[in-house]
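These are my notebook entries on one protein chain. I record what I looked up, entry by entry.

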Amino acid sequence: MAKKNYQFETRKYIIGGVAVLIVLIFCLRLFDLQILSDEYKKHADSNAFLQKTQYPSRGAIYDRNGNLLVFSQPAYDITIIPKEITHLDTLDLCRTLNLTLDDFNKRMSDMRDRRKNPGYSRYTNQVFLTQLSAEEIGIFQEKLFKFPGFYIQRRTIRQYTYNSAAHALGDIGEVSRKEMENDPFYSRGDYIGKLGVERSYEKYLRGEKGVEVLLRDAHGRIQGNYKNGEFDQSPIPGKNLTLSLDIELQMFGEMLMENKMGAIVAIEPETGEILALVSAPSYDPSIMVGRQRGANHHMLQQDLKTPLFNRALMSTQPPGSTFKTAQGLVFLEEEIIDINTSFPCHHAFVYGGIRVGCHSHGSPIPFIPSLSTSCNAYYCWGLFRMLGNKKYESGSVAWEKWREHMVSMGFGNPLGIDLPGEKSGLIPKVEFFDKRFGRGKWGGLRVISTAIGQGEILLTPIQIANLAATIGNRGQFITPHIVKGIEDTELEEEYRIPRHTTINPQYYEYVVEGMRGAVVGSPYGATCRRANIPGIEVCGKTGTAQNRGKDHSIFMGFAPMNNPKIAICVYVENGGFGATYAVPIGALMLEKYLTGTIAPEREYLIEHMSNANLIPYEYQR
């Protein structure tokens, strides 16, 4: 009997196993190519079809009175299908499109870089050059037959009716890699809202893309729509927005703030709608459109005056004496004082070696005229008494109670405006002072400057304007918002439902009386007399915030006194006393909105305010 050769027997199984493994690998590869990967499908489809994206018209933007602010005009992109490019005369192409050879090579390299262009495929349309004008594309179209693989894609570009409201309107720019990864709607070369309402309402404004399916012949030539357009999808235009802005008031405010750094925020108290949102210095929104957007954006970034910075929402500054209204409300609510409580003031608050200066007025002074005269000592005594009051377990407990009331007024957190970038300001927690001074090592005297809106207290101009609206409403406000309406869509609930503070509404009447006295005068004095407009019951409060340089000038007010139609904050950096610049600018804004004009006897103020240059020398270079 022959001996069995186990060596050949083993080899048979090895060879069989290798064969099975090879077949399995081929099967897996085929599964990957045909099922998991769409590369070959794209290849096959691109031979038979050309799918052209149809871009929707972006929604238009109007002001509250129906004035068209932003609209779309035709623009053109050049796209390519890389596999179709053959025998390209690169120099002729560059001359036609006014490109350098280096620019051409960089664009091609960036297109192929899957980190920058995750959706790259040789068989599908890729964006090469964007936002060409009708004149530029006309020149290119005459030579298009010389550049196989190149196509023209129609899009739209933003146009502005007014050179105003740049921070509110915002702009659009080319989508980033991160934005493409976060939302499959976008592909390389698409545009997305970058700032303002263009960003916060992007999903309403952008619309929905469509597609046109074109049939190719065996030579790749377009033969028309596939099946007479049966598979085409029309784009759906974006929704139109109506802003709460009054563009005439907005432009008036921007004129008054020329050559200044600061902000104006005007709100309709009943609705929370923003009537004007001025950040100075500003810029012409039309320069952020087209192929020069990048260069212009860089220019604005390099400007020491930071025109891209939206001071109305992002600038956190001491509120100065405007904050005394909020302080007084807390003292009344916590029964630290009543309206008859008087405190002494001999041009200063002096206690325990601490001195906070004040100006000349009658003394001792009760609550209502303390607002009219803006008495520093009154609010220092009030805070000192609250933090040392035995009704609280400790000064820390008293401070947290105080802070709870302040937060209910919209301080210490972003209000939630429908614009990007809003800052929270600062209403310190107990932990803040414990860390700064040591636990249990601080009290009323350590934080006394917070009583008058200085020290650690920081608010944004929109928070101060909202305080004025809340006082005008006697204790409630609707979250400030700049969009009044969206086509066929209801606004979110937070922009329709009132928010109530923790203060008893009756105490607001006393604050209103004090603010009215600041305008028309009281036996103890007044600080807002320049806001007194015949026929309009203006209520106001000045503020002068200390600064390393010249003090900041602040005004907060509303009108009319009962059922107010407008509340306002004017913050002029380096403007000195509140009455010097902020008050007259605020009064002009109130008069302009409520009457539509400025009385002849006050027209000189327009020229005086708009011509004043308050920008520090170091920022003017």
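**Entry 1: a hairpin and its turn**

How many residues lie between E11 and E12 in the hairpin, and which residue in the turn has a positive phi? I found 4 residues between the two strands, and the turn residue is Gly 272, with a phi of about 80 degrees. I note at the outset that the model is predicted.

I then looked up how the two strands pair. Strand E11 covers residues 262-268, and its pairing with E12 is antiparallel over 7 bridges. Within this pairing I located Ala 263, which stands opposite Ser 279 in E12.

**Entry 2: what follows E12**

I next examined the peptide bond from Ala 280 to Pro 281. This bond is cis, with omega near 0 degrees. Pro 281 belongs to the loop that lies between E12 and helix H11 (293-302).

**Entry 3: a second hairpin**

I turned to strands E18 and E19, which form a hairpin with 6 residues between them. Strand E19 covers residues 552-559, and E18 pairs with it in the antiparallel sense over 7 bridges.

Which form does the peptide bond from Ala 559 to Pro 560 take, cis or trans? I found it to be cis, with omega near -15 degrees. Pro 560 sits in the loop between E19 and strand E20 (566-572).

Asn 563 also lies in the loop between E19 and E20. Its phi is positive, about 50 degrees, although Asn 563 is not a glycine. Asn 563 counts as exposed because its relative accessibility is 65%, and exposed means over 50%.

**Entry 4: Arg 474**

I looked up another residue with a positive phi. Arg 474 has a phi of about 60 degrees and is not a glycine. I placed Arg 474 in the loop between helix H18 (461-472) and strand E15 (476-477). Its relative accessibility is 13%, so Arg 474 counts as buried.

**Entry 5: His 359**

Where is His 359 found? I located His 359 in the loop between strand E14 (354-357) and helix H14 (367-373). With 34% relative accessibility, His 359 counts as partly exposed. Leaving out residues up to four places away in sequence, I listed His 347, Thr 373 and Ser 374 as the residues that His 359 touches.

**Entry 6: the whole chain**

Finally I considered the chain as a whole. I recorded 21 helices and 20 strands. The C-alpha trace spans about 120 × 80 × 45 Å along its principal axes. The radius of gyration is 33 Å, whereas a compact globule of 621 residues would have one near 25 Å. Of the 621 residues, 52% are buried. Among contacts between residues at least 6 apart in sequence, 72% join residues at least 24 apart.

Methods. Residues are numbered from 1 along each chain as its sequence is written. This is a predicted model: local features need pLDDT of at least 70, side-chain atom pairs count only at pLDDT 80 or more; totals for chains, interfaces and linings use all residues. Side-chain values use heavy atoms; hydrogens and water are left out. The radius of gyration is taken over C-alpha atoms; the globule rule is 2.2 Å times the number of residues to the power 0.38. Buried means under 20% relative accessible area, exposed over 50%, partly exposed in between (1.4 Å probe, protein chains only). Contact means heavy atoms within 4.5 Å. Two strands pair if DSSP finds at least two bridges between them.
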